[in-house]
Amino acid sequence: MTLVRNTVNEALAADIPPADIIRDGLGKGMDRISKLFDEAKIFLPQIVAASKAMDLALELIGPSLTEGNGTSIGTIVMGSVRGDIHEIGKDVCCAMLKGAGYKVIDLGPDQAPERFVEGARKHCAMAIGASALMTTTLVVQKEIVVEMRKDGSSAKVLVGGAPCCQQWADEIGADGYSANGSAIVNLVRSFV
Ligand code: B12
């Protein structure tokens, strides 16, 4: 934890843009962690340690991400879908969006479709983003699209997470998909 704290503080002190720290530093680190885990070269304790390091890093970077002149250019409601407690990727997306000047409402993990609908309505969101990291929870993204359309919401529905892809997004009628936190910013910009 001391290492991540010092490294992030050094990067911030060196005026490296927060988005670069996330994308080129922390994000790459998590990609490597995911790969090593998939290859059974590291195990749960190391994953939990990496998750905690990531949480701390994003917390330290948070204040530097507050939107330039305080006025946001739109609100995005983000959450991990029902049954899914994976949060790191969603948190990275939240940080990148905040860094790009959007107001982000983070619903947190394990969120039912209705919570996304309520969130979009309550915050007059321009988009909602549903993160799913497991093949078993991917289907909840479909439910979210259905509930959002039923509600008549004009907010765009974005989907993402490791098992998700453009083909799936098209199949369930989502408005957008991106493979990573940098691309989500361009995706949201494309709707304006
Ligand atoms: C870290 C991790 C955990 C941590 C999560 C900690 C946390 N606070 O998030 C812990 C240890 C808690 C965990 C638990 C579990 N995990 Co896990 N976990 C992972 C791991 C290793 C890395 C995920 C990660 O953080 N990646 C780094 C981030 C930065 O990448 P990302 O999430 O893909 O996000 C990026 C993009 O996908 C995209 N994105 C993400 N969300 C969104 C949303 C939108 C709208 C958009 C546009 C883009 C977008 O942008 C992000 C940033 O670039 C993956 C392995 C893997 N290869 O993904 C397994 C993995 C996802 N876990 C898995 C499993 C099975 C579980 C457990 C069920 C294990 C168990 N048996 O108990 C539980 C889940 C319980 C539950 N109900 O959710 C499986 C899922 C298998 C499957 N295909 O269904 C995986 C793939 C591991 C494996 N190979 O088996 N896990």
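Colleague: Which residue in β4 is the bridge partner of G129?

Modeller: This is a predicted model, in which local features need pLDDT of at least 70 and side-chain atom pairs count only at pLDDT 80 or more, while totals for chains, interfaces and linings use all residues. Residues are numbered from 1 along each chain as its sequence is written, and side-chain values use heavy atoms, with hydrogens and water left out. Strands are DSSP runs of E with at least two residues, helices are runs of H or I with at least four, and both are numbered from the N terminus. In β4, the bridge partner of G129 is L158.

Colleague: How many bridges pair strand β3 with strand β4?

Modeller: Two strands pair if DSSP finds at least two bridges between them. Strand β3 covers residues 127–131 and strand β4 covers residues 156–160. They pair in the parallel sense, and the number of bridges is five.

Colleague: In what order do the five strands form the open sheet?

Modeller: The pairing in this sheet is parallel. The edge strands, β2 (103–106) and β5 (176–177), each pair on one side only. The order is β2-β1-β3-β4-β5.

Colleague: What angle does the direction of helix α5 make with that of β1?

Modeller: Helix α5 (residues 113–122) packs on the sheet and touches β1 and β3; contact means heavy atoms within 4.5 Å. Axes are lines fitted to C-alpha atoms, for helices over the stretch in contact, and angles run from 0 to 180 degrees between N-to-C directions. The angle with β1 is about 165°.

Colleague: Are the residues of β3 buried or exposed?

Modeller: Buried means under 20% relative accessible area, exposed over 50%, and partly exposed in between, with a 1.4 Å probe and protein chains only. A127, G129 and S131 point one way from β3, and I128 and A130 point the other way. On both sides, these residues are buried.

Colleague: Which residue of β3 does S80 stand opposite?

Modeller: Strands β1 and β3 run parallel and are joined by five bridges. Within β3, the residue opposite S80 is S131.
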